[in-house]
Structures are given as structure tokens and as C-alpha cells.
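Thank you all for coming. Please have a look at the model on the screen, and then I will talk through a few of its local features.

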Amino acid sequence: MLVVARGPSVGRKFTIDRVATIGRSESATVFLEDSEVSRHHVEIRQTDDHDYVIQDLGSRNGTSVNGVRITRRFLAVGDEIQLGPNVVLVFARRDPLEDAIHQRQRLEALGRLTAGIAHDFNNMIGAVSATADYLAQLPPEAKVGSPAVSECLDDVRSAAQRAAALSRSLIEFAKGTGAGHKTVDLSTLCHEVVQVVRRTFDRSIEIESKIEPGLRVEGDPTELHQILMNLCVNARDAMLDGGTLSIEARAARGPSKTPVRAARGDVIVSVADTGVGIDPGAREHIFEPFFTTKARGSGFGIGLATVRDLVDGHSGVIEVASELGSGTRFDVHFPLSTRAQSRVGIATPMTRIPASMNEPGGATVLLVDDEAIVRRALRRVLRQGGYEVIEARDGVEAVALYTDLARRPDLLILDLDMPRMRGDEALTKIRAFDPGVRALFVSGHQQLENIGADVGDVSCLQKPCSATDLLIAVSNAVDSFDPEDMTLTGKVRGQQRQR
């Protein structure tokens, strides 16, 4: 882990996994906005022996470790890394106790949401089940395009989308570790939190939101989500008899609360309730670990302490205003980011499917998924889109099929988590003898954007996905498009990939 000791965003923490590039380029793993730091200043890499090595990448102002100019050397815990004249980073070991406390707080909050989660999922499952029973009882002459059937299909699709959105948000919140700091669309994240609380909080609590679009900060999405969710859960617990929870996000309109970012301005996220309020005597202790005003068994008193630590780690400031009997308002100030939005490998939908995707005789796809029901669903969509489909039940079968086929597929579609052999492991084995294989991961895995670094150039699509998004992602992976007219500019490469 790297901690900023001097320079922009003092106190910010960056998680270092196997390899990290540090600089002020948008593509850098650790982004530091300082004009004296080169775009790609240094690289830190973990060796096979689990040591860490730092290497200067030909930076303009050089790199020093503990005051000694270096080109390449091993790092030890506590080493101070100076990049140019202004920035000092400390190489530190991630504190497992801190991680454990944060995870315990996540699970505590998640447990308090359980009743609402179960209620919402049961509603959606009940709607799908009842609709399926209704469709099964229709007479044989009923047409798929009839108004009654179309309405049923729309309802099933809507229920599936609601369940998928809730599942993604809850998994993101419950994850034990974050993905490190990057550019985050805080407006979108706030909208996601609003959707979660609307679906999980008691209906006696009215949810109001006012979120400006396009607010971006540098941070860890998981930790930012945790900050907002914890403040919302605390607000809910302060309104046992109902009330109004307000979530607001806006660009600061006055002096910055974070002087180091005064020139750039702040983003302010506010969470307010109309609950019981906080006693003035308790207000100065609410951010202390294990301090709580709740009844025994209602919490461990680590929620707001965690919030404060996470806000500090994002170079932010948190303020509270409360009045007994009238409610409480938390204002969290984050430095506004000027960095362009990061692009990850997740496939993004286009506006329409090119007509040529539906032409017969299209590319051949090897579909790999251990769930038979998922394979059947994807196979139907792909064949409807004009693709030939070969199926494999896991990575081991996929490798064997691929090596034995007289005509190799144009595209691999792989699930990530499978028994016997994971999808990324299977792709690595296949690429050992066919480096040009094209691949698309279609998975519910929550860290898809990090998979490409392990297996090279690969497209990713998050489950669950619509038929349209799947066909577009597959077509993009097989061929290239002219973005102006959305027509195919490449040719199906099946005939070119003969053995």
C-alpha cells in the first residue's frame, strides 16, 4: 500500500497488487496530479518471491527512496518514495485490523438491510412466478405478439432488471476490499445508493434526492459506496416512526472545505433525516470507535468512525449539524476531479444492432458456462442473431474442444467462475497455442474490469445483460465497426482461421 505523505491529497491510500504504474497520466494505476510528476513516473512490481521492486520509468525529475536517487531497487515497509520535488509516498503494509473493522461494519449495515432486501426480492420473484404461470395457461393459439403476452414479457424483464440492479449494488457494498482509487462518477454512485435504499428501507420513510449530473471525484468506488450507505442506514435508524431521508449531491458554490483542493473546488454529498437528532453532549463523540447512542444489540458503534476514516482517506471533510427532535444532516466534502473518466474493459451498449448481425451464416462462437440454463438462454439469443454456437460445460471441456475442432471458433464467450477450470485459466491455455483467439467474458463477477490485465486484450460484459447488449458485445468482439454509420467494416474471419 502507498500513502501520500506530502503533495496532493495527503493521507490518501493506494492499494498495490502485483504491478502499479505511478504518474499523472490518465492510464496510470496511481494517479497523482502534480506538474512535476511525469506521466509515467515509476513502476512498482511484485516479484515471484512476494517482494516489491520499484523502477524509475525515465521520469523527468527522477525518483528517490529514503533520500537516495534510484533507478531500480527493492522496497521495504516504511520506505519513503519521493517523486520530483513535491510528492512523497510511504510504502506501507495494509493494516489487516483496519480491513477487518471496515468489513465488520459493512456486514453490520448489510444485516440491518436484510428485511428490506428479502421483501423486495420476494416481490420480484413472485411477479415472475405468477407471470410464468399465467403464460403457461394461455391457449395454444395465443400469439407471442398479442398485448397480453407482450405485457407479461415486459413485466418479467422489468423484474429481472430490478433484481439485477439490487444484486450488483449489494455485492459492491459487501465486498471486503476496494479496487483502489480511480476516477468515479459520484452522481451515478449516488443514484445507485438511492435505488438501494428505496427498495430496502421501510415504506414509512420517504426518500428524496437531488443529484447534479457529472460530478467526478478520485476515490475507491467501494469505499465511497460504503460512506453513503452507512450514513443512509444511520439516518433510517433515527426515524423509527418514519420520516424523510434526503440525499443531495452538488458542486460547491463557495469556499472549499479542503484547502489543498481550493483551486479545484469540492463536491458536497449531503444525507439528511427528520429523525430524533443527536444530543449536543454526544455530538462530539459520534466519530469515536465503538461509541453509540443506540440500544444494546442495535450496533457496534463503528459505522461513523469508519465513515470518518474513509472520508479522510479521500482527502475529504465531514460535517454534521443536528437538532434534537428535528433531525440530522451530514455534509461530506470531496475534492472535485478534473481527470477524464477512466475507461475500463466493460462493454458499453450502442444505440442499435447493425442489420448485418442478423444475416445468416455468421461467425462461430464457442460458448462456455457451467450452468445449463444460462447456456440455453445465451444460445437462443446468439442463434437468433445469426451465429453458430458450440457449447462447453467448463474450462476443461472448452480447451479440449478448441484444440480438437477442425475449424476454430471466431469467438470464445466464457463465464469466469466455473468448476474444474476458471474462464480466465481456460483462455490462458488456449492462447498458448492460438495467440490470436478473440474472447468475451460474460460474467456476474464484480471485478471484470481487472481481468484484462491477467489474460491480455479481452472484452467483458456484466451479467445479467439484455439480448441487445449481448449481440452488440459479440459483434464488437468479432468485427470492427464504423462508429459513424454503425456498419460492419471487417469481415467474418472464420474462413481465415482455418488450421
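Arg420 sits in the loop between strand E21 (411-414) and helix H10 (423-433), where helices (H or I, at least four residues) and strands (E, at least two) are DSSP runs, numbered from the N terminus. This is a predicted model, in which local features need pLDDT of at least 70 and side-chain atom pairs count only at pLDDT 80 or more, whereas totals for chains, interfaces and linings use all residues. Residues are numbered from 1 along each chain as its sequence is written, and side-chain values use heavy atoms, with hydrogens and water left out.

Most residues other than glycine have a negative phi. Arg420, however, has a positive phi near 70°, and with a relative accessible area of 62% Arg420 is exposed (over 50%; buried is under 20%, partly exposed in between, with a 1.4 Å probe and protein chains only).

Asn66, which is not a glycine either, has a positive phi of about 55°. Asn66 belongs to the loop between strand E7 (63-65) and strand E8 (68-70), and at 44% relative accessibility Asn66 counts as partly exposed.

Let me turn to a pair of helices. Which residues of H4 meet H5? On the H4 side they are Leu186, Leu189, Cys190, Val193, Val196 and Val197, and they meet Pro221, Leu224, His225, Leu228, Met229 and Cys232 in H5, contact being heavy atoms within 4.5 Å. Of the residues in this contact, eleven are nonpolar (Ala, Val, Leu, Ile, Met, Phe, Trp, Tyr, Cys and Pro), one is polar and none is charged (Asp, Glu, Lys and Arg), the others, Gly among them, counting as polar.
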